[in-house]
Amino acid sequence: MTQDVDMKDHTTPSHSVSSAPPSTLQHLKEIASIIETGSCSKEVRRIARALRLTIALRQKLTAPVLSSFIDYVLIRGSEPHTMLSSYLPNPKEDNQEMEVDTATYAIQSPAKHSLPELEIYCYLLVLLFLIDQKLYAEAKACSSASIVRLKSLNRRTVDVIASRLYFYYSYSYELTGDLAEIRGNLLALHRIATLRHDELGQETLLNLLLRNYLHYNLYDQAEKLRSKAPRFEAHSNHQFCRYLFYLGKIHTIQLEYTDAKESLLQAARKAPVAAQGFRIQCNKWAVIVRLLLGEIPERTIFMQKGMEKALRPYFELTNAVRIGDLELFRNVAQKYAATFNTDRTHNLIVRLRHNVIRTGLRNINISYSRISLADVALKLRLNSASPVSDAESIIAKAIRDGAIDATLDHANGWMVSKETGDIYITNEPQLAFNSRIAFCLNMHNEAVRALRFPPNTHKEKESAEKRRERQQQEQELAKHIAEEDDDDF
């Protein structure tokens, strides 16, 4: 009886300790099997599926699990095995857990494959773990080593994993404030990807280079690179959203507000629902651009779920521009100066001063048939040395630009407003209707281009087993798209 109790006490802790880690490790082994199958059959979609499955395991990665997986995949004593093992921290606790894992999986025959895809995948796993553990120095070293290894590989099945490594390579340097150091290397990698016709790598590296330039306010260099880079159909929705966002920022700085508005709104629409931080940034810039165009954004934009607090400064700014109150505009700009500087929109808000004055002048033009220049300066709250002459100059410019329909009586010091005509006798309704039709047609065309069909469906009939596998992959893809984390944004 005593012996039975001792045996029970001895086996229970072993079972409880070894239950959790093998689950994550077993998942990683299944992913390695998928990568191996995709590499042998040269099916890139299997590699992409393996990366989608990895997202769910990211929070469960630990040093013991990664060490066991590296031992399983890579040959002990090889250069990649030694290098990756050196980046992992030595476990100071859970020694019993390590011993149980080793004893459990030593019975199984290890894979010991020398596939480049599995080696690069191990680099990605270790890099994700180091970034999550905030070991940024080790993450920089690991990412640099992985890039060196990638330069010697020219396999289409590696391209999907390589695009993720490029992103985290740049991200690890950005976290340490050393983003400028890798600009030359990113340009070299983009040239290599172009020569190898790696389109996914090209769009990823192009976005990283644009982000690098914009981080240091090098907008001219970013536009030169964007205009000369080869163009092709987008392969990743995430990368296409980033490209549209960076393109919108470049157009905004270069005063091309119409193109900027289209790019920013499209980026906000295409971004995943989970990528809330990215969508907030898109909406901030889109609001500023629409205000610069003389438009007033709808109130629903600021009331989106989870965005009310972040967009509050821009809501008050929009209200000041809508009213045309220059004093309120100054107060809002001073109140949220720190927020605008953090968002790097302060210089754009300085440009809005002219729009506030013009909006206030338009309201005055509608309200009064005749008003003196002194009263105009008083209502616009111009606090200059000679407000009357400034008001006269502002009115003259607004009349010349067609912002208001009025005449200026310089002798009497008056602004005489003309009667407001019927807008429906002009071409403006037709132009507005045409722009809406063009928007709907463009969205339809993009949806048609985004359709994907299985290859050779018109030539061969699909077996029941292949159909089940395809449906399972489609369900997994839909689940990951719906629940996708916004770590890439």
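The buried residues of helix 3 are Arg46, Ile47, Arg49, Ala50, Leu51, Arg52, Thr54, Ile55 and Leu57, where buried means under 20% relative accessible area, exposed over 50%, and partly exposed in between, with a 1.4 Å probe and protein chains only. Helices here are DSSP runs of H or I with at least four residues, strands are runs of E with at least two, and both are numbered from the N terminus. Helix 3 covers residues 44-57, and its 14 residues reach 21 Å from the first C-alpha to the last, close to the 20 Å expected at 1.5 Å a residue; the expected span is 1.5 Å times one less than the number of residues. The model is predicted, with local features needing pLDDT of at least 70 and side-chain atom pairs counting only at pLDDT 80 or more, while totals for chains, interfaces and linings use all residues. Residues are numbered from 1 along each chain as its sequence is written, and side-chain values use heavy atoms, with hydrogens and water left out.

Lys134, with a phi of about 60°, lies in the loop between helix 7 (116-132) and helix 8 (136-151), and it counts as exposed because its relative accessibility is 60%. His197 also has a positive phi of about 60°; His197 lies in the loop between helix 10 (183-195) and helix 11 (199-215), and at 63% relative accessibility it counts as exposed.

Ser170 belongs to helix 9, residues 159-175, and it counts as buried because its relative accessibility is 2%. Leaving aside neighbours within four places in sequence, Ser170 is in contact with Leu179, Ile182 and Leu208, contact meaning heavy atoms within 4.5 Å.

Helix 17, residues 312-323, has 12 residues and reaches 17 Å from its first C-alpha to its last, close to the 16 Å expected at 1.5 Å a residue. Its buried residues are Pro313, Tyr314, Phe315, Glu316, Leu317, Thr318, Ala320 and Val321, and what covers them includes helix 15 (276-292), helix 16 (299-302), helix 18 (326-335), helix 19 (337-343) and helix 20 (346-367). After helix 17 comes Gly324, whose phi is positive, near 80°.

The strands come next. Strand 1 (residues 370-372) and strand 3 run antiparallel and are joined by three bridges, with Trp414 of strand 3 as the bridge partner of Ser372; two strands pair if DSSP finds at least two bridges between them. Strand 2 (residues 406-409) also runs antiparallel to strand 3, with four bridges joining them, and the bridge partner of Leu408 in strand 3 is Met415. The hairpin of strand 2 and strand 3 has four residues between the strands, and Gly413 in this hairpin takes a positive phi near 70°. In a regular strand the side chains alternate between the two faces of the sheet. In strand 3 (residues 414-417), Met415 and Ser417 make up the covered face, whereas Trp414 and Val416 make up the uncovered one.

Finally, the place of Ile437 is in helix 23, residues 428-449, and Ile437 counts as partly exposed because its relative accessibility is 37%.
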